[in-house]
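This report describes the strand pairing, helix packing and charged side-chain pairs of one model. The sequence and structure are shown first.

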Amino acid sequence: LSALVRGMISSASTPVQTLVARVLADPAALVEARAPLVRSLVERHAVMTRALEADLARGAFRADPFHGGLFALLNLVRGDAPEAARILLSEPKIGVVPFGGSGQDLNALRVTYATVPVDRIDGLVTEAAKAARASGKSPGET
């Protein structure tokens, strides 16, 4: 019984090790296979960066540095992150993850744009900026 268990557990990593060995045997093929994904991520990052440079977005967010074409953390310049997330979910049906809220150390929206079609990233940022502005005033604002 112990030999059977040892044989089953010890060989559990064999398929993964075999795949890794095959990939490492031809690194050029790995780079070539990854090229379309890398191009897609670079394009997504560029589109998101441009969208966040628009006046409406700059008036609503201060984005933390991001890369990779997957996620962005948008710190709200004004408004309340949980309320902005609620607005986004109820009206344009966009899901984001709110962090903190106005009056707290963190008041931000985590936006996952990895699955958003590239031609809709601008619209995502515009809707998020509108929701941030509609979510209320920042402390000290009249």
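Which residue in strand 4 is the bridge partner of L73? The partner of L73 is R110.

## Basis of the description

The model is predicted, with local features requiring pLDDT of at least 70, side-chain atom pairs counting only at pLDDT 80 or more, and totals for chains, interfaces and linings using all residues. Residues are numbered from 1 along each chain as its sequence is written, and side-chain values use heavy atoms, with hydrogens and water left out.

## The sheet

An open sheet is formed by four strands in the order 1-2-4-3, with antiparallel pairing. Strands (E, at least two residues) and helices (H or I, at least four residues) are DSSP runs numbered from the N terminus, and two strands pair if DSSP finds at least two bridges between them. Strand 1 (61–63) and strand 3 (97–100) are the edge strands, each pairing on one side only. On average, neighbouring strands are turned by 30° against each other, direction ignored; axes are lines fitted to C-alpha atoms, for helices over the stretch in contact, and angles run from 0 to 180 degrees between N-to-C directions.

Strand 2 (residues 71–76) and strand 4 (residues 107–112) run antiparallel and are joined by five bridges. L74 has L109 of strand 4 as its bridge partner, and P98 also stands opposite L109. Four bridges join strand 3 to strand 4. These two strands form a hairpin with six residues between them, and G103 in the turn has a positive phi of about 85°.

## Helices on the sheet

Helix 5 (residues 81–90) lies across strands 2, 3 and 4, running at about 35° to strand 4. Helix 6 (residues 121–134) packs on the sheet and touches strand 1, strand 2 and strand 4, its direction making about 130° with that of strand 1. Contact here means heavy atoms within 4.5 Å.

## Salt bridges

The structure holds four salt bridges, each defined as a side-chain nitrogen of Lys or Arg within 4 Å of a carboxyl oxygen of Asp or Glu. Among them, R86 pairs with E83, with the closest N and O atoms 2.6 Å apart; both residues lie in helix 5, three residues apart. In helix 6, K130 and E127 are likewise three residues apart, and their closest N and O atoms are 3.9 Å apart.

D64 forms a salt bridge with R62, at 3.8 Å between the closest N and O atoms. R62 counts as exposed because its relative accessibility is 52%, whereas D64, at 25%, counts as partly exposed (buried is under 20% relative accessible area, exposed over 50%, partly exposed in between; 1.4 Å probe, protein chains only).
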